[in-house]
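I opened this entry to get to know a structure that is new to me. My notes follow in the order in which I looked things up.

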Amino acid sequence: MSDLKQELKEKIITQLNLEDIAIDEIADNDPLFGDGLGLDSIDALELIVMLDKDYGIKLTDPKEGKKIFESIEVMANYITTHRTK
Amino acid sequence: MKVQQLKIKAYCSIFNNKVMLNDQLLFENQETDFSSFIKLAYKNMDTNYPKFFKMDDLSKLGFLAADILLKPLTTDSERANNIALAFSNSASSLETDRKHQDSIVDKENYFPSPAIFVYTLPNICLGEISIRHKLYSENSFFIFNHFNAGYLYDYATCLINTGKADEVLCGWINRDTDDYEAFLYLVSTEGSITHNKEEIIKLYTTK
């Protein structure tokens, strides 16, 4: 689980072009949207694509993302339970 | 219509790994490719806007050149600035269109990126600038084969003389394969350079 959290932090920084943020600046329970990392709606769509492409998880309802992308901790738990690859 | 002689208040270019404001060199780095150069230029200009890194190359070019010209005019004020935008190029958003195409060409590996797709129109660049500088003004992005000083001259003159805008940020922002070029100039009722087709061409060709 710890490796997955680290992997997610690296992917989020790289794929969402968060150039001013270092991996160790993202705590496992930091909110990813709003006052946390400040991600926006396009970032949310990009995370949905990432779940599909890298972990074989298809979200049929984009609204599901709101809960799943709450934090790195929540994302890692969800991926561990639902991943198909 | 009140016809007045307009001026070019300031101009900026990003070309050949140099950033110029009027005839002053602001930044140069000949050791890097475009991607690294534009990030270094952004940092050197002290442009504090993290969303910059999410933009495509065309928007980065336009955003940075516009920011250099508009920052002195707009950062001290929360008011909506009546500065219109009239940009142009020849490649439209082709560089980003190609990236999007690459992501959808293989039906077995079909993962289009929303972050790339949103930049598959050249005028998104104008939106980025308008958000940054709180512009609620006219904006247009024209596609020409070559830099068209006469068209931009007529368009800017009409916007100001009909009261549609107080000032117009005009120019050419192009990005295609290994080439890039940004040249923007601010048309105003103030300034030292006469706004006419000949002066615009002179500034563009000597950038």
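I started with burial: a residue is buried if 20 or more other C-beta atoms lie within 10 Å of its own, exposed if 12 or fewer, and partly exposed in between, with C-beta atoms placed from the backbone.

**Ground rules.** The model is predicted, so I note that local features need pLDDT of at least 70 and side-chain atom pairs count only at pLDDT 80 or more, while totals for chains, interfaces and linings use all residues. Residues are numbered from 1 along each chain as its sequence is written, and chains are lettered from A and ligands numbered from 1 in the order in which they are written. Helices (H or I, at least four residues) and strands (E, at least two) are DSSP runs, numbered from the N terminus.

**B:Ile131 again.** I placed B:Ile131 in helix α5 (residues 124-133) of chain B. I also checked B:Ile131 against B:Ala10, 121 residues apart along the chain. Their C-alpha atoms are separated by 21 Å.

I looked up pLDDT, the predictor's confidence in each residue, from 0 to 100. Chain A averages 92, and 100% of its residues score at least 70.

**Chain A, record.** The unreviewed UniProt entry lists residues 2-83 of chain A as "domain: Carrier". Its positions are given in the numbering used here, feature names are shortened, and annotations may be inferred rather than shown by experiment. I found the span to be 54% helix and 0% strand, with its end C-alpha atoms 16 Å apart.

**Helix α4(A).** Which residues of α4 (residues 72-82) of chain A are buried? I noted A:Ile72, A:Met75, A:Ala76 and A:Ile79. They sit on the same side of α4(A), because they cover an arc of only 95° around the axis. That arc is taken from the directions from the helix axis to the C-beta atoms. The cover over these buried residues includes α1 (2-15), α2 (41-55) and α3 (65-68) of chain A.

**Where the chains meet.** Two residues are in contact if their C-beta atoms, placed from the backbone, lie within 7 Å. I read off 9 residues of chain A in contact with 8 residues of chain B.

**Strand β1(B).** In β1 (residues 7-15) of chain B, 7 of the 9 residues are buried, so the strand is largely enclosed by the rest of the structure. Two strands pair if DSSP finds at least two bridges between them. I went through the partners:
- β7 (residues 179-188) of chain B runs antiparallel to β1(B), joined by 7 bridges; B:Ser13 stands opposite B:Phe183 there.
- β2 (residues 18-21) of chain B is also antiparallel to β1(B), over 4 bridges; B:Cys12 stands opposite B:Leu21.
- β8 (residues 193-194) of chain B pairs in the antiparallel sense over 2 bridges; B:Lys7 has B:Thr194 as its bridge partner.

**Positive phi.** Most residues other than glycine have a negative phi. The hairpin of β1(B) and β2(B) has 2 residues between the strands, and B:Asn16 takes a positive phi near 55°. B:Asn17, in the loop between β1 and β2 of chain B, has a positive phi of about 60°. I counted B:Asn17 as partly exposed, because 19 other C-beta atoms lie within 10 Å.
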